[in-house]
Amino acid sequence: MAKFVIHGEFAVIQRLQAGLLLIAVALSAACSADTGQPEAGADTAMPRPWARDAAGTATLEATSDDNVFLSYVWHAATDSRGNVYVVDGGEAAIIALNPDLTHNRLIGREGEGPGEFGRSVQVQILPGDSLLVWDSQLQRITVFPPAGDEPAYVQPLGTQQRGLNVWKLTGTAGYIARSSTPYMADASDEGSTRTAVLRHVHELGGRAADEVLFEYPAGEALVQRGDGFVSMAGYPFARGSFLGILAGNRVAHTSSDTLEVRILGLGGQMETAFSYKTTPIPVTRGELEEAADGLSDAFGQLLRDGAPYVWPALTGLVVDDRDRIWVGIRKADRSTTEWAAFEADGTHQMSVDLPVEVELYAVRGDRMVGVVRDELDVARVVVYGLP
């Protein structure tokens with residue numbers, strides 16, 4: 001018989017306790033309604049204690065056309081010339097787009113040789129516009145020179161721990177790697193706190209050193225276990241975390257629950273942090289049903305059984321080329337997301353509203369690069385210009 005649970009504990013880091021209190025208060029308020037999921041009423045302006053001024057509106061400048069075939073975008077990045085590089089789940093190669101988002105070329109191919117990928121999941125633009133590709137299946141890094149199709153070098157991460165995501169550190173031979181506790185089919189992990197781990201992988205004394213920097217709660221998922229199998233499903237209001245790499249090889253981290261950004265150095269020390277209060281937004285009956293209907297019957301029923309829910313306060317985090325931290329803040333009207341740019345000390349620089357459908361991946365210069373799904377559920381890359 002299959003067994004269903006919701007995973008994603010949030011009690012690992014003491015600094016998240018304030019966020020937990022906010023969630024508890026929001027859930028308590030939601031439960032006071034007749035079903036815990038009231039329908040959305042007339043929108044009212046939400047407080048914005050972080051903001052210096054009103055949010056501006058970004059202008060849509062380009063959208064990828066039908067010649068750019070995308071299924072499910074995992075990651076994207078943009079270089080100093082405005083070219084966009086896309087990791088898509090249906091394509092082994094990296095899809096390179098021109099600044100106007102027309103198709104340029106494919107970089108790499110499927111395989112295990114140099115310039116080939118098993119499962120590329122992440123791209124990173126290095127200084128000088130070299131392109132780094134992280135392959136989670138082969139657990140190795142491939143770097144292409146600017147505008148080049150043949151790899152400059154290919155190397156394994158050099159650690160026994162498998163990395164889900166990897167970022168190259170500037171000025172050193174080191175990397176930041178993210179790993180996570182796996183789900184076990186035999187349920188031996190049930191009841192334990194699932195964590196994600198950030199690690200500093202670098203050379204020390206002629207060999208690879210793998211040092212834990214930071215542990216935080218792993219993202220939530222619906223989990224189904226049966227005889228010898230385990231399967232997971234995501235849902236739109238699951239809680240998670242977001243990461244970005246700042247100048248000086250520092251890591252910006254936030255949980256989706258609260259607008260609280262922590263900044264860590266390579267020694268694992270908390271260098272600084274800033275936080276602002278956000279307004280909890282309950283998940284409505286209609287939103288719950290829409291999410292459940294998009295899942296299998298078993299997962300959908302499990303999601304309904306866990307009601308009521310509140311939406312995570314944040315939708316993402318991106319670090320731009322000016323070392324500003326952009327945080328996507330959910331709004332009650334559901335139509336737009338406020339993307340707010342902060343200095344590392346928490347000073348608010350500017351905000352822009354983007355359509356809620358836009359999943360933002362990069363901000364560089366005056367361009368914001370994201371992905372949307374059109375009315376036919378086709379993925380499109382979009383570029384918005386900052387006001």
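**Charged pairs and a helix**

Colleague: Let's start with R324. Buried or exposed?

Modeller: R324 is buried, at 7% relative accessible area. Buried is under 20% relative accessible area, exposed is over 50%, and partly exposed is in between, with a 1.4 Å probe and protein chains only. Bear in mind that this is a predicted model, where local features need pLDDT of at least 70, side-chain atom pairs count only at pLDDT 80 or more, and totals for chains, interfaces and linings use all residues. Residues are numbered from 1 along each chain as its sequence is written, and side-chain values use heavy atoms, with hydrogens and water left out.

Colleague: OK, and where is R324?

Modeller: In the loop between β26 and β27. Helices (H or I, at least four residues) and strands (E, at least two) are DSSP runs, numbered from the N terminus.

Colleague: What does the R324 side chain make a polar contact with?

Modeller: With the side chain of D320, at 2.8 Å. A polar contact is a pair of N or O atoms within 3.5 Å; within protein, one must be able to donate a hydrogen and the other to accept it, and residues adjacent in sequence count only if both atoms are side-chain atoms.

Colleague: Switching to salt bridges: how many are there in the whole structure?

Modeller: The search finds 17. The criterion is a side-chain nitrogen of Lys or Arg within 4 Å of a carboxyl oxygen of Asp or Glu.

Colleague: What about D323 and R250?

Modeller: Their side chains form a salt bridge, 3.6 Å from N to O. D323 is in the loop between β26 (314–319) and β27 (325–330) and R250 is in strand β21 (residues 250–255), so the pair ties together parts 73 residues apart in sequence. D323 and R250 are both buried.

Colleague: And which residue does R334 pair with?

Modeller: E287, with the closest N and O atoms 2.6 Å apart. That pair links distant parts of the chain, 47 residues apart: R334 is in the loop between β27 and β28 (336–342), and E287 is in helix α2 (residues 285–293). R334 is partly exposed at 25% relative accessible area, while E287 is buried at 16%.

Colleague: Last topic, helix α3. Which of its residues are buried?

Modeller: F299, G300, L302 and L303, in a helix that covers residues 297–305. They sit on the same side of α3, because their arc around the axis is only 160 degrees, going by the directions from the helix axis to the C-beta atoms.

Colleague: Which residues are exposed on the other side of α3?

Modeller: D297 and D305.
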